[in-house]
Amino acid sequence: MAVPKLKLKINLTDLFGDKFKGDRSTKEAIGQEIIDRIAKRTAELRVDKKGNSLGTYSKSYRDSLDFKVSKGAQRSVNLTLDGDMLGNMDIIEQTKETITIGFPDSTQNAKAFGHISGFAGHPVLDGKVKKRDFFGLPEKELQSIASKFQDRVDAVNEINSASSREQLDAATLRAIDQVRSEIEGEDG
Amino acid sequence: MAKAKVQINQSLANLKMTLSAGISSGGLLSEIAEFCRSRIYQYTKRGQSLVQESKLQALSTGYIEYRKRLTRAKKSRSSKKTRQSGVFPSKGFGAFFSPSRSNLTLTGQLLEALKSRVKKSSNQIEVFVENSSRSDSDLTNKEVAEKVSSDGRPFIGLDRVGRDRVRRLVIAQLRRSFKRR
């Protein structure tokens, strides 16, 4: 069964209104804030996007070598063994008004899909594993992010502030592009 | 800040990473250094080589038998005598030792000597095995690391996913820097 590509699409005009002008560096910063909050809530608070506990690990998994080496005596699930899945979350698409978050690596995407769907379609685990939908933020959190970035969005909309900020941000955006091209070079 | 680059160099017993000028946060360098050290340690203990991206080469049958004898000697009542005879490792077994498990662990000294450091002046991080002495050999831990690596069990390095993680850590830090202006 082909694993669907997971996407979390955020409409920035819904968050900031029609005033949002699509400044790339602001979108990158907002996207990273969303990623950070999902990762932190999952790994540290150990709850899904609705605030429900992710549950506890099975004894058989706790007895495995991989678990003992990386997690020791931890009991409650946080979807983190090596951190590779949560560490792979990234902005995968940007338009003028939206950013989309996903998992660029197909293996990490498959892991995430497994957790979210309860391993639907898996030949052994389908129907046997709890669904753990961690991939998203409640509306309250999105509004909190909007408040946090409102000043920046307002500043970008003013012509003088926008041009000076663009000059400051252009170099950092080039740096992001360069490191990203290294990742894509390896994948390719 | 004109460019950013994450350059990774691996040798037998050393992993060096240079983050080009512009990514100069000491906190980020420390985070990356510890991430690399911890990843190498955990994967090796789990029996995986990050360099080869596969399981570590299996132990020979003869060596497994030797390790089983050591395990039995430890359990026997004459273990003190056995230790004194030099058959049994005086330090005991390392964490996650098992006679037939190939995870570069007998006494645990090698992997406990795995360290990381940050050279902030040159924007570098390094993961290496300390050149420290061992209780059971005239070789140092660094020499043992080089030997096991050249003998078919290279373990100091980063897999593709690990390299990807480091680069995403850098991108995340660059994005967070936008907020502060």
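In the predicted model, chain A has an accessible surface of about 9,400 Å², and 51% of this area belongs to carbon and sulfur atoms. Of its 188 residues, 48% count as buried. Taken along the principal axes, the C-alpha atoms of chain A fill a box of roughly 60 × 40 × 35 Å. Eight helices and three strands make up the secondary structure of the chain. From the N terminus on, these elements follow the order β-α-α-α-α-α-β-β-α-α-α. Among the contacts of chain A with a separation of 6 or more, 61% are between residues 24 or more positions apart.

For chain B, the accessible surface comes to about 8,800 Å², with 47% belonging to carbon and sulfur atoms. The chain has 181 residues, and buried residues make up 50% of them. Its secondary structure comprises six helices and six strands, arranged along the sequence as β-β-α-β-β-α-α-α-β-β-α-α. When contacts in chain B between residues at least 6 apart in sequence are considered, 62% join residues at least 24 apart.

Charged side chains in chain A were examined next. The chain carries 30 positive and 30 negative side chains, and the centres of the two sets lie 7 Å apart. Side chains of opposite charge can pair when their charged atoms come close. Over all chains, the count of salt bridges comes to 30.

One salt bridge is formed by the side chains of R37(A) and E141(A), with an N to O distance of 2.8 Å. The pair links distant parts of the chain, as R37(A) belongs to helix α2 (residues 24-45) and E141(A) to helix α7 (residues 139-157), 104 residues apart. R37(A) counts as buried because its relative accessibility is 18%, under the limit of 20%. E141(A), in contrast, is partly exposed, with a relative accessible area of 28%; this value falls between the limits of 20% for buried and 50% for exposed.

A salt bridge also joins D90(A) and R180(A), whose closest N and O atoms are 3.2 Å apart. D90(A) lies in strand β2 (residues 90-94) and R180(A) in helix α8 (residues 159-187), so the pair ties together parts of chain A that are 90 residues apart in sequence. D90(A) has a relative accessibility of 2% and therefore counts as buried. R180(A) counts as buried as well, at 18% relative accessibility.

D169(A) is placed in helix α8 of chain A and R152(A) in helix α7, so the contact ties together parts that are 17 residues apart in sequence. Both side chains belong to buried residues: the relative accessible area of D169(A) is 1%, and the relative accessibility of R152(A) is 8%.

Salt bridges also occur as a network. R24(A), E28(A), D90(A), D177(A), R180(A), D164(B), R168(B) and R175(B) are linked in this way. The network includes residues of chain A and chain B, and D90(A) and R180(A), the pair with a closest N and O distance of 3.2 Å, are among its members.

N78(A) was considered as an example of a residue in a loop. The residue lies between α4 (65-71) and α5 (84-87) of chain A. N78(A) is buried, as its relative accessible area is 6%. Leaving aside residues up to four places away in sequence, N78(A) touches T42(A), A43(A), R46(A), L54(A), Y57(A), K71(A) and L86(A). The separation of N78(A) and T100(A) is 22 residues in sequence and 23 Å in space, C-alpha to C-alpha.

Terms used
Residues numbered from 1 in each chain as written. Chains lettered and ligands numbered in written order. Predicted model: local features only at pLDDT ≥ 70, side-chain atom pairs only at ≥ 80, totals over all residues. Heavy atoms only, no water. Helix = DSSP H or I, 4+ residues; strand = E, 2+ residues; numbered from the N terminus. Buried < 20%, exposed > 50% of the residue type's maximum accessible area, 1.4 Å probe, protein only. Contact = heavy atoms within 4.5 Å. Areas by Shrake-Rupley, 256 points an atom, 1.4 Å probe, with all protein chains shown as cover. Lys, Arg positive; Asp, Glu negative; His and termini not counted. Charge placed at Lys NZ, Arg CZ, Asp CG, Glu CD. Salt bridge = Lys/Arg side-chain N within 4 Å of Asp/Glu carboxyl O.
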